[in-house]
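This report goes through the strands, the chain contact and a few local features of one structure. The sequence and the coordinates come next.

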Amino acid sequence: MLEDLGAVLHPGVEFPAGTQYTQVRNGTPAVLPADEGCGVTARELNRSCLGILAAAGSGCGTRIQMALLNRQLGFSLTHLSSAVIQRHFSITRACQAIQKLTRVRVVDNSALGNTPYHRPPKCIHVYNKTGVGKVGDTILLAIKGEKKKALIVGHKMPGPCMTPRFDSNNVVLIEDNGNPIGTRIKTPIPYTLRQKGEFSKVLAIARNFV
Amino acid sequence: MAAVAMAAACGRLALRGAAARPSRCFSFSGCRSSRDGETAKFQPPPKPVIIDKQKQKEERRYLSPEFIPPRGRTDPLKFYMERKDMIQRRKVFNIPEFYVGSILAVTTADPHADGKTKRFVGICIQRGGKGLGATFVLRNVIEDQGVEICYELYSPRIQEIQVLKLEKRLDDNLLYLRDALPEYSTFDVNMKPESRLDHEEIPVNKLQVRMKPKPWSKRWERPKYNIKGIKFELPEKKMKAAQKWSQPWLEFDMLREYDTSKIEEKIWKEINEELK
């Protein structure tokens, strides 16, 4: 039922500021202005299905849903009908290294990486025991409707001391045997990639090192 | 002194004359005309040393922030031992004075780098940590890619820290440079170090940085960050709305006070004796 209402409870998604929370009163949804607050703490509602109410405009609002909410919360919300619950709750961000569905930036000069497409290249699999990719890990990328392997050459997450932290998640496209597709890499590459011997061809086309 | 100089000059002239007419030669006690025909070197009088007594009085004290122990219930012996180790390291390796906003060049040892050392130039955006774990973060934009490296001040892998430009900025913490236009974080890798006199005050760069359009990584307009170095081009309404999160009672909170002046005096004396 929650899915029908379009509630998104997936971590990593931040509700935009100023989301109107529809409030149910006698079966009719009423969208009230965002400035009023109320005494109920965000955390309590957060744990329950506040997501139901937070669906931006999509048809929520029958007494049944309200009753369900009440049962789960253990108290009645109907007395708060005059006030609107508007909370900016913070959800923990996903870890800043590369994992599934991360949008990445291809830094070599390959045609596949540089031609514009209406969707950014996204990671769909990380070849790792943990699903988190760091510098030197191979990932599977979905670019322009096709799947391609890529090597991570830098990410936004701070790593061990003395290692560089980049302002974007950088990736170099490679074939299955490890050969890079592009012929030049302009962006700086960390020296730590030299540790693993299998990327010598990628390092050979790199121009700057950090 | 002038008389001797004159005498020396006369002696040299006399020598020349003597060389032409070898029969007449006479020597003075002051000049070195005894070398066979060689002209004595003219010694100019030593330059007068001007002692500016006013400037000598203003002795600038700089205590690196990682020496100041944090407020807490830890045994001061731990900080004393750490300070001893820090002083030992400073005796061997020179860690210059720098602030957040100065441009540094750091050479570190790296087994994977060409020639085993790597050099990075950047602006110091943050100085954190206390004691031996003190760190500083350098930022630069290379080939349109922003790069930040966090170095530990007392790490043995660091071979040289060179201050290319010593200056302060309006804020303690320049993390907002990540959301500013890249031109404010770009620095030439082959920059020459700027020379400055010892007794001059550290210049404060009152640069107001222009930002990229929102969203930013943090809401820098909020009073919690207290940033003075950004030129906010946001509408007045948003600036006023940001003030909603101000906590004006914080500056009067006595439990948060931490007066470090006496601690600094003690530590300064301790360090000065060791590092002289």
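Where is the place of A:Leu101 in chain A? A:Leu101 sits in the loop between α3 (63-73) and β3 (105-106) of chain A. The model is a predicted one, and in it the phi of A:Leu101 is near 70°, a positive value in a residue other than glycine.

The peptide bond leading from B:Lys214 to B:Pro215 is cis, and its omega is near 10°. B:Pro215 belongs to the loop between β7 (204-205) and α4 (236-242) of chain B.

Six strands make up an open sheet, and their order is β7(A)-β4(B)-β3(B)-β2(B)-β1(B)-β5(B). The pairing in this sheet is antiparallel. The edges are taken by β7 (164-166) of chain A and β5 (158-165) of chain B; each has a single partner strand, so one side of each is left without a neighbour in the sheet. From one strand to the next, the twist averages 35°.

β7(A) is joined to strand β4 (residues 145-152) of chain B by three bridges, and the two run antiparallel. Within this pairing, A:Arg165 is opposite B:Glu148 in β4(B), while A:Pro164 has B:Ile149 in β4(B) as its bridge partner. In general, strands of a sheet pair through backbone hydrogen bonds, either parallel or antiparallel.

**The contact between chain A and chain B**

Chain B brings 22 residues to the contact and chain A brings 19 residues. About 1900 Å² is buried between chain B and chain A, with carbon and sulfur atoms giving 54% of that area. Three residues, B:His112, B:Glu143 and B:Gln145, supply 34% of the area that chain B buries against chain A, more than any other three residues.

The interface of chain B and chain A holds three salt bridges and eight residue pairs in polar contact, both residues of each being at pLDDT 80 or more. On the side of chain B that touches chain A, the elements giving two or more residues are β2 (117-128), β3 (135-142) and β4 of chain B. β4(B) gives the most to that side, with eight residues. By class, the side of chain B that touches chain A has eight nonpolar, five polar and nine charged residues.

**Salt bridges**

Over all chains, the whole structure has 16 salt bridges. Side chains of opposite charge can pair when their charged atoms come close. Two of the pairs are set out below.

| Salt bridge | N to O distance |
|---|---|
| A:Lys186 and B:Glu143 | 3.9 Å |
| B:Glu270 and B:Arg83 | 2.7 Å |

What does the pair of B:Glu270 and B:Arg83 link? The pair links distant parts of the chain: B:Glu270 is in helix α5 (residues 261-275) of chain B and B:Arg83 is in helix α3 (residues 76-92) of chain B, 187 residues apart. The salt bridge of A:Lys186, in turn, is formed with B:Glu143, one of the three residues that supply 34% of the area chain B buries against chain A.

**The sheet of chain A**

Chain A also has an open sheet of five strands, in the order β3-β8-β6-β5-β4, with mixed pairing. Its edge strands are β3 and β4 (122-126) of chain A, and each pairs on one side only. Strand β6 (residues 146-154) of chain A is joined by five bridges to strand β8 (residues 170-174) of chain A, and these strands run antiparallel. A:Leu151 has A:Val172 in β8(A) as its bridge partner.

Notes:
Residues are numbered from 1 along each chain as its sequence is written. Chains are lettered from A and ligands numbered from 1 in the order in which they are written. Side-chain values use heavy atoms; hydrogens and water are left out. Two strands pair if DSSP finds at least two bridges between them. Helices (H or I, at least four residues) and strands (E, at least two) are DSSP runs, numbered from the N terminus. Axes are lines fitted to C-alpha atoms, for helices over the stretch in contact, and angles run from 0 to 180 degrees between N-to-C directions. Contact means heavy atoms within 4.5 Å. Buried area is the accessible area (1.4 Å probe) that two parts lose on being put together, summed over both. A salt bridge is a side-chain nitrogen of Lys or Arg within 4 Å of a carboxyl oxygen of Asp or Glu. A polar contact is a pair of N or O atoms within 3.5 Å; within protein, one must be able to donate a hydrogen and the other to accept it, and residues adjacent in sequence count only if both atoms are side-chain atoms. Ala, Val, Leu, Ile, Met, Phe, Trp, Tyr, Cys and Pro count as nonpolar, Asp, Glu, Lys and Arg as charged, and the others, Gly among them, as polar.
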